[in-house]
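Work through these exercises with the structure open beside you. Try each task before reading its solution.

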Amino acid sequence: MDLIHRAVQKSSTARREAPAVEPVWEQAPAAPRLAPLAPPPLPYNEVRIDPDRLRELGLAGANDRRSRLAEEMRLLKRRLIQKMNPLASEAEGRTNLILVTSAVPGEGKSFISLNLALSFVADEHFDVLLIDADAMRPKILTMLGLPPSRGLADLLMHPEMDPSEVLLHDPDLRLTILPPGGEVSSATDLYGGPHMKDLVKRLGRAKPNRIVILDAPPVLATTEPIMLAHIVDEVLMVVEADRTAHSAIRSALDLLEPCDNLSLVLNKAAGSKSTEQFGSYYTPGLRGKTAGSSASLPATPKEKA
(Lines give C-alpha, C1' and ligand atoms only; values in the text may rest on other atoms or scores of the structure.)
Protein backbone atom coordinates (compact mmCIF):
# COMPACT_ATOMS: atom_id res chain seq x y z
CA MET A 1 0.00 0.00 0.00
CA ASP A 2 2.94 2.39 0.76
CA LEU A 3 4.23 1.85 -2.70
CA ILE A 4 0.85 2.63 -4.24
CA HIS A 5 0.40 5.71 -2.04
CA ARG A 6 3.83 7.08 -2.96
CA ALA A 7 3.18 6.47 -6.68
CA VAL A 8 -0.11 8.40 -6.54
CA GLN A 9 1.53 11.32 -4.70
CA LYS A 10 4.38 11.43 -7.19
CA SER A 11 1.97 11.47 -10.13
CA SER A 12 -0.08 14.30 -8.57
CA THR A 13 3.05 16.39 -7.92
CA ALA A 14 4.20 15.91 -11.52
CA ARG A 15 0.87 17.07 -12.85
CA ARG A 16 0.93 20.22 -10.68
CA GLU A 17 4.48 21.14 -11.76
CA ALA A 18 4.01 20.45 -15.46
CA PRO A 19 3.39 23.60 -17.54
CA ALA A 20 -0.18 24.07 -18.75
CA VAL A 21 -0.64 23.06 -22.33
CA GLU A 22 -3.12 25.05 -24.39
CA PRO A 23 -5.42 22.84 -26.39
CA VAL A 24 -4.80 22.91 -30.09
CA TRP A 25 -7.96 23.29 -32.18
CA GLU A 26 -7.83 22.04 -35.70
CA GLN A 27 -9.06 24.63 -38.15
CA ALA A 28 -11.62 23.42 -40.63
CA PRO A 29 -10.39 23.73 -44.20
CA ALA A 30 -11.58 26.93 -45.91
CA ALA A 31 -14.60 26.49 -48.09
CA PRO A 32 -13.76 26.60 -51.77
CA ARG A 33 -14.58 29.90 -53.46
CA LEU A 34 -17.43 29.49 -55.87
CA ALA A 35 -17.23 31.00 -59.31
CA PRO A 36 -19.78 33.78 -59.88
CA LEU A 37 -22.99 32.55 -61.42
CA ALA A 38 -23.25 33.18 -65.13
CA PRO A 39 -26.28 35.23 -66.17
CA PRO A 40 -29.11 33.18 -67.60
CA PRO A 41 -29.08 32.91 -71.39
CA LEU A 42 -31.02 35.62 -73.21
CA PRO A 43 -34.23 34.54 -74.97
CA TYR A 44 -32.79 35.95 -78.21
CA ASN A 45 -29.56 36.82 -80.02
CA GLU A 46 -28.56 40.43 -79.41
CA VAL A 47 -27.86 42.63 -82.44
CA ARG A 48 -27.22 46.35 -82.96
CA ILE A 49 -28.93 48.22 -85.76
CA ASP A 50 -27.23 51.40 -86.94
CA PRO A 51 -29.60 54.40 -86.50
CA ASP A 52 -27.80 56.20 -89.34
CA ARG A 53 -28.76 53.37 -91.65
CA LEU A 54 -32.42 53.84 -90.74
CA ARG A 55 -32.18 57.52 -91.66
CA GLU A 56 -30.43 56.73 -94.95
CA LEU A 57 -33.29 54.40 -95.88
CA GLY A 58 -35.86 57.07 -95.04
CA LEU A 59 -37.23 55.06 -92.11
CA ALA A 60 -38.91 56.77 -89.18
CA GLY A 61 -36.50 55.98 -86.35
CA ALA A 62 -36.80 56.75 -82.64
CA ASN A 63 -35.33 60.25 -83.13
CA ASP A 64 -37.61 61.06 -86.05
CA ARG A 65 -40.98 61.02 -84.35
CA ARG A 66 -42.32 64.32 -85.73
CA SER A 67 -41.66 63.90 -89.44
CA ARG A 68 -44.47 63.55 -91.92
CA LEU A 69 -43.68 59.86 -92.34
CA ALA A 70 -43.79 59.28 -88.58
CA GLU A 71 -47.12 61.11 -88.31
CA GLU A 72 -48.69 59.11 -91.12
CA MET A 73 -47.42 55.81 -89.72
CA ARG A 74 -48.87 56.89 -86.38
CA LEU A 75 -52.24 57.44 -88.06
CA LEU A 76 -52.11 54.00 -89.67
CA LYS A 77 -51.10 52.40 -86.38
CA ARG A 78 -53.90 54.11 -84.43
CA ARG A 79 -56.49 52.77 -86.85
CA LEU A 80 -55.08 49.27 -86.44
CA ILE A 81 -55.23 49.54 -82.64
CA GLN A 82 -58.86 50.66 -82.89
CA LYS A 83 -59.68 47.57 -84.93
CA MET A 84 -57.64 45.14 -82.82
CA ASN A 85 -57.49 44.35 -79.11
CA PRO A 86 -53.75 43.86 -78.54
CA LEU A 87 -53.64 44.29 -74.76
CA ALA A 88 -56.56 42.03 -73.88
CA SER A 89 -56.10 38.64 -72.24
CA GLU A 90 -56.47 35.46 -74.24
CA ALA A 91 -59.83 34.85 -72.58
CA GLU A 92 -60.98 38.31 -73.70
CA GLY A 93 -60.10 37.60 -77.31
CA ARG A 94 -56.68 39.16 -77.76
CA THR A 95 -55.86 40.17 -81.36
CA ASN A 96 -52.31 41.28 -82.14
CA LEU A 97 -51.21 39.66 -85.43
CA ILE A 98 -50.76 41.84 -88.54
CA LEU A 99 -49.89 40.71 -92.07
CA VAL A 100 -48.40 43.18 -94.57
CA THR A 101 -48.46 42.25 -98.25
CA SER A 102 -48.96 43.85 -101.68
CA ALA A 103 -50.49 42.97 -105.03
CA VAL A 104 -47.22 42.86 -107.01
CA PRO A 105 -43.50 43.19 -106.14
CA GLY A 106 -41.89 46.59 -105.64
CA GLU A 107 -44.77 48.42 -103.95
CA GLY A 108 -42.92 49.01 -100.68
CA LYS A 109 -44.48 46.42 -98.36
CA SER A 110 -41.21 45.80 -96.46
CA PHE A 111 -40.75 49.56 -96.06
CA ILE A 112 -44.25 49.79 -94.53
CA SER A 113 -43.68 46.68 -92.35
CA LEU A 114 -40.49 48.03 -90.85
CA ASN A 115 -41.84 51.56 -90.34
CA LEU A 116 -44.98 50.22 -88.71
CA ALA A 117 -42.89 48.09 -86.35
CA LEU A 118 -40.71 51.09 -85.40
CA SER A 119 -43.81 53.20 -84.84
CA PHE A 120 -45.36 50.66 -82.48
CA VAL A 121 -42.12 50.52 -80.50
CA ALA A 122 -41.51 54.27 -80.33
CA ASP A 123 -44.97 55.50 -79.36
CA GLU A 124 -46.83 52.67 -77.71
CA HIS A 125 -43.94 50.84 -76.02
CA PHE A 126 -45.21 47.57 -77.39
CA ASP A 127 -42.90 44.60 -77.64
CA VAL A 128 -42.79 44.20 -81.43
CA LEU A 129 -41.81 41.03 -83.28
CA LEU A 130 -41.22 41.55 -87.00
CA ILE A 131 -41.26 38.29 -88.98
CA ASP A 132 -39.77 38.23 -92.47
CA ALA A 133 -42.12 35.73 -94.10
CA ASP A 134 -40.99 36.45 -97.67
CA ALA A 135 -38.97 33.28 -98.20
CA MET A 136 -38.01 33.95 -101.83
CA ARG A 137 -37.10 37.66 -101.65
CA PRO A 138 -36.46 38.56 -98.01
CA LYS A 139 -35.66 42.24 -97.43
CA ILE A 140 -35.74 42.99 -93.69
CA LEU A 141 -32.22 41.85 -92.75
CA THR A 142 -30.73 43.54 -95.81
CA MET A 143 -32.49 46.81 -95.04
CA LEU A 144 -31.17 46.74 -91.47
CA GLY A 145 -27.63 45.76 -92.49
CA LEU A 146 -27.76 42.38 -90.72
CA PRO A 147 -26.24 39.16 -92.12
CA PRO A 148 -28.41 36.18 -93.10
CA SER A 149 -29.19 33.79 -90.27
CA ARG A 150 -31.45 30.94 -89.29
CA GLY A 151 -35.09 31.79 -88.77
CA LEU A 152 -38.69 30.97 -89.61
CA ALA A 153 -38.08 28.13 -92.06
CA ASP A 154 -35.73 26.41 -89.60
CA LEU A 155 -38.31 26.59 -86.79
CA LEU A 156 -40.99 25.12 -89.07
CA MET A 157 -38.78 22.29 -90.32
CA HIS A 158 -37.51 21.54 -86.80
CA PRO A 159 -40.42 22.15 -84.39
CA GLU A 160 -38.28 20.97 -81.48
CA MET A 161 -36.08 24.08 -81.82
CA ASP A 162 -36.49 26.86 -79.29
CA PRO A 163 -37.34 30.19 -81.00
CA SER A 164 -34.74 31.90 -78.79
CA GLU A 165 -32.07 30.21 -80.91
CA VAL A 166 -32.97 32.29 -83.97
CA LEU A 167 -34.68 35.48 -82.70
CA LEU A 168 -32.67 38.69 -83.15
CA HIS A 169 -33.20 41.60 -80.73
CA ASP A 170 -31.90 45.15 -80.62
CA PRO A 171 -32.25 46.32 -76.98
CA ASP A 172 -31.91 49.99 -77.93
CA LEU A 173 -34.66 49.89 -80.56
CA ARG A 174 -36.61 47.32 -78.51
CA LEU A 175 -37.30 45.50 -81.76
CA THR A 176 -37.22 41.71 -82.21
CA ILE A 177 -36.80 40.13 -85.65
CA LEU A 178 -37.42 36.60 -86.87
CA PRO A 179 -35.43 36.15 -90.12
CA PRO A 180 -36.83 34.01 -92.96
CA GLY A 181 -34.22 31.33 -92.39
CA GLY A 182 -32.76 28.96 -94.96
CA GLU A 183 -34.09 28.46 -98.46
CA VAL A 184 -36.90 25.93 -98.86
CA SER A 185 -38.32 24.23 -101.92
CA SER A 186 -41.92 25.13 -101.10
CA ALA A 187 -42.61 27.80 -98.50
CA THR A 188 -46.35 27.41 -99.20
CA ASP A 189 -46.29 23.89 -97.77
CA LEU A 190 -44.47 25.12 -94.69
CA TYR A 191 -46.66 28.16 -94.14
CA GLY A 192 -49.82 26.16 -94.74
CA GLY A 193 -48.83 23.40 -92.33
CA PRO A 194 -50.01 23.06 -88.74
CA HIS A 195 -46.73 24.23 -87.23
CA MET A 196 -46.97 27.72 -88.75
CA LYS A 197 -50.22 28.65 -87.05
CA ASP A 198 -49.08 27.21 -83.73
CA LEU A 199 -45.73 29.00 -83.94
CA VAL A 200 -47.18 32.42 -84.78
CA LYS A 201 -49.82 32.13 -82.04
CA ARG A 202 -47.20 31.04 -79.52
CA LEU A 203 -44.88 33.91 -80.41
CA GLY A 204 -47.80 36.32 -80.19
CA ARG A 205 -48.63 35.14 -76.67
CA ALA A 206 -45.02 35.22 -75.45
CA LYS A 207 -45.31 38.81 -74.12
CA PRO A 208 -48.43 40.52 -72.71
CA ASN A 209 -47.81 43.65 -74.80
CA ARG A 210 -46.55 42.02 -77.98
CA ILE A 211 -47.47 42.99 -81.55
CA VAL A 212 -46.50 40.57 -84.34
CA ILE A 213 -46.02 41.91 -87.89
CA LEU A 214 -45.46 39.49 -90.77
CA ASP A 215 -43.85 40.85 -93.94
CA ALA A 216 -45.33 38.50 -96.55
CA PRO A 217 -44.73 38.08 -100.32
CA PRO A 218 -46.98 39.78 -102.92
CA VAL A 219 -50.39 38.17 -103.38
CA LEU A 220 -50.10 37.77 -107.17
CA ALA A 221 -46.59 36.30 -106.97
CA THR A 222 -47.21 33.30 -104.72
CA THR A 223 -49.90 31.63 -102.64
CA GLU A 224 -48.08 32.09 -99.34
CA PRO A 225 -49.80 35.36 -98.27
CA ILE A 226 -53.19 33.74 -98.96
CA MET A 227 -52.29 30.96 -96.52
CA LEU A 228 -50.94 33.41 -93.94
CA ALA A 229 -53.95 35.73 -94.16
CA HIS A 230 -56.07 33.10 -92.39
CA ILE A 231 -53.90 32.98 -89.25
CA VAL A 232 -53.62 36.73 -88.55
CA ASP A 233 -56.05 39.31 -87.18
CA GLU A 234 -55.45 42.16 -89.66
CA VAL A 235 -54.21 42.27 -93.26
CA LEU A 236 -52.64 45.37 -94.84
CA MET A 237 -52.22 45.37 -98.62
CA VAL A 238 -49.77 48.02 -99.84
CA VAL A 239 -50.58 49.66 -103.17
CA GLU A 240 -48.12 51.92 -104.99
CA ALA A 241 -49.78 55.12 -106.18
CA ASP A 242 -49.88 55.76 -109.94
CA ARG A 243 -48.23 52.43 -110.72
CA THR A 244 -50.24 49.41 -109.66
CA ALA A 245 -52.91 48.56 -112.21
CA HIS A 246 -56.52 48.48 -111.04
CA SER A 247 -56.83 44.99 -112.50
CA ALA A 248 -53.94 43.77 -110.31
CA ILE A 249 -55.53 45.29 -107.21
CA ARG A 250 -58.89 43.67 -108.00
CA SER A 251 -57.25 40.28 -108.63
CA ALA A 252 -55.36 40.45 -105.35
CA LEU A 253 -58.50 41.45 -103.45
CA ASP A 254 -60.40 38.56 -105.04
CA LEU A 255 -57.79 36.11 -103.78
CA LEU A 256 -57.99 37.62 -100.29
CA GLU A 257 -61.78 37.92 -100.40
CA PRO A 258 -62.47 35.45 -97.56
CA CYS A 259 -60.65 37.91 -95.23
CA ASP A 260 -62.97 40.50 -93.69
CA ASN A 261 -60.12 42.27 -91.90
CA LEU A 262 -58.38 43.71 -94.97
CA SER A 263 -57.23 47.34 -95.38
CA LEU A 264 -55.38 49.08 -98.21
CA VAL A 265 -52.36 51.35 -97.70
CA LEU A 266 -51.52 53.78 -100.48
CA ASN A 267 -47.73 54.15 -100.75
CA LYS A 268 -45.51 56.65 -102.58
CA ALA A 269 -48.37 59.09 -103.08
CA ALA A 270 -47.94 62.82 -103.54
CA GLY A 271 -49.19 64.75 -100.53
CA SER A 272 -52.77 65.95 -100.61
CA LYS A 273 -53.90 69.23 -99.09
CA SER A 274 -55.32 67.38 -96.11
CA THR A 275 -52.01 65.70 -95.22
CA GLU A 276 -49.26 67.87 -96.68
CA GLN A 277 -48.77 69.63 -93.33
CA PHE A 278 -48.09 66.40 -91.42
CA GLY A 279 -44.83 66.92 -89.54
CA SER A 280 -44.33 70.52 -90.68
CA TYR A 281 -45.84 71.80 -87.43
CA TYR A 282 -42.77 70.43 -85.60
CA THR A 283 -40.11 71.40 -88.16
CA PRO A 284 -37.06 72.90 -86.34
CA GLY A 285 -36.64 76.64 -86.77
CA LEU A 286 -40.34 77.33 -87.31
CA ARG A 287 -41.24 78.28 -83.75
CA GLY A 288 -43.52 81.29 -83.86
CA LYS A 289 -44.07 80.97 -87.62
CA THR A 290 -46.95 79.53 -89.58
CA ALA A 291 -46.76 75.94 -90.74
CA GLY A 292 -47.07 77.09 -94.35
CA SER A 293 -43.58 78.60 -94.24
CA SER A 294 -41.94 75.17 -94.25
CA ALA A 295 -40.55 73.49 -97.31
CA SER A 296 -42.60 70.79 -98.95
CA LEU A 297 -42.01 67.34 -97.55
CA PRO A 298 -41.39 64.19 -99.61
CA ALA A 299 -44.23 61.89 -100.51
CA THR A 300 -44.98 59.28 -97.87
CA PRO A 301 -47.49 56.47 -97.29
CA LYS A 302 -51.12 57.17 -96.50
CA GLU A 303 -53.88 54.78 -95.60
CA LYS A 304 -56.65 54.41 -98.09
CA ALA A 305 -60.11 53.95 -96.61
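**Exercise 1. The whole chain**

Task: Find how many helices and strands the protein chain has, and what share of its residues is buried.

Solution. 
- Step 1. Note that this is a predicted model.
- Step 2. Count the elements. The protein chain has ten helices and nine strands.
- Step 3. Turn to burial. Of the 305 residues in the protein chain, 45% are buried.
- Step 4. Check the contacts. Take those between residues at least 6 apart in sequence: 79% of them join residues at least 24 apart.

**Exercise 2. Arginine 243**

Solution. 
- Step 1. Read its accessibility. Buried needs under 20% and exposed needs over 50%.
- Step 2. List its partners beyond four places in sequence. Arginine 243 is in contact with Val104, Pro105, Gly106 and Glu107.
- Step 3. Pick out the side-chain reach. The side chain of arginine 243 comes to 3.4 Å from the backbone oxygen of proline 105.
- Step 4. Lysine 268 is 25 residues away along the chain, and its C-alpha atom is 9.6 Å from that of arginine 243.

**Exercise 3. Glutamate 234**

Task: Is glutamate 234 buried or exposed, and which side chain does its own side chain meet in a polar contact?

Solution. 
- Step 1. Find the residue. Glutamate 234 is part of strand β7.
- Step 2. Classify glutamate 234. Its relative accessibility is 5%, so glutamate 234 counts as buried.
- Step 3. Name the polar partner. The side chain of glutamate 234 makes a polar contact of 3.3 Å with the side chain of lysine 83.
- Step 4. Leave out residues up to four places away in sequence. Glutamate 234 then touches Leu80, Lys83, Met84, Leu97, Ile98, Leu99 and Asn261.
- Step 5. Glutamate 234 and serine 263 are 29 residues apart along the chain, with C-alpha atoms separated by 7.9 Å.

**Exercise 4. Glycine 108**

Task: Which residues does glycine 108 touch, not counting those up to four places away in sequence?

Solution. 
- Step 1. Locate the residue. Glycine 108 lies in the loop between β2 (97-102) and α4.
- Step 2. Name its contacts. They are Val238 and Asn267.
- Step 3. Compare sequence and space. Leucine 266 is 158 residues from glycine 108 along the chain, yet their C-alpha atoms are separated by 9.8 Å.

**Exercise 5. The largest pocket and the second largest cavity**

Task: Describe the lining of the largest pocket and of the second largest cavity.

Solution. 
- Step 1. Size the pocket. The largest pocket has a volume of about 310 Å³.
- Step 2. Find its centre. Among its 18 lining residues, Pro105, Lys109, Asp134, Arg137 and Lys139 are closest to the centre.
- Step 3. Name the main contributor. Helix α4 (residues 109-124) gives the most to this lining, with three residues.
- Step 4. Sort the pocket lining. There are eight nonpolar, five polar and five charged residues.
- Step 5. Count the cavities. Two have a volume of 30 Å³ or more.
- Step 6. Size the second largest cavity. Its volume is about 40 Å³.
- Step 7. Name its elements. Helices α6 (152-157) and α7 (187-192) each give two or more residues to the lining.
- Step 8. Sort the cavity lining. Seven residues are nonpolar, two are polar and none is charged.

How values were computed. Residues are numbered from 1 along each chain as its sequence is written. This is a predicted model: local features need pLDDT of at least 70, side-chain atom pairs count only at pLDDT 80 or more; totals for chains, interfaces and linings use all residues. Side-chain values use heavy atoms; hydrogens and water are left out. Helices (H or I, at least four residues) and strands (E, at least two) are DSSP runs, numbered from the N terminus. Buried means under 20% relative accessible area, exposed over 50%, partly exposed in between (1.4 Å probe, protein chains only). Contact means heavy atoms within 4.5 Å. A polar contact is a pair of N or O atoms within 3.5 Å; within protein, one must be able to donate a hydrogen and the other to accept it, and residues adjacent in sequence count only if both atoms are side-chain atoms. On a 1 Å grid over the protein atoms alone, a cavity is a set of points where a 1.4 Å probe fits but cannot get out, and a pocket is an open set with protein on both sides within 12 Å along at least five of seven lines; lining residues have an atom within 4 Å of a point. Grid points are joined across faces, edges and corners, and a volume is the space filled by probe spheres set on the points. Ala, Val, Leu, Ile, Met, Phe, Trp, Tyr, Cys and Pro count as nonpolar, Asp, Glu, Lys and Arg as charged, and the others, Gly among them, as polar.
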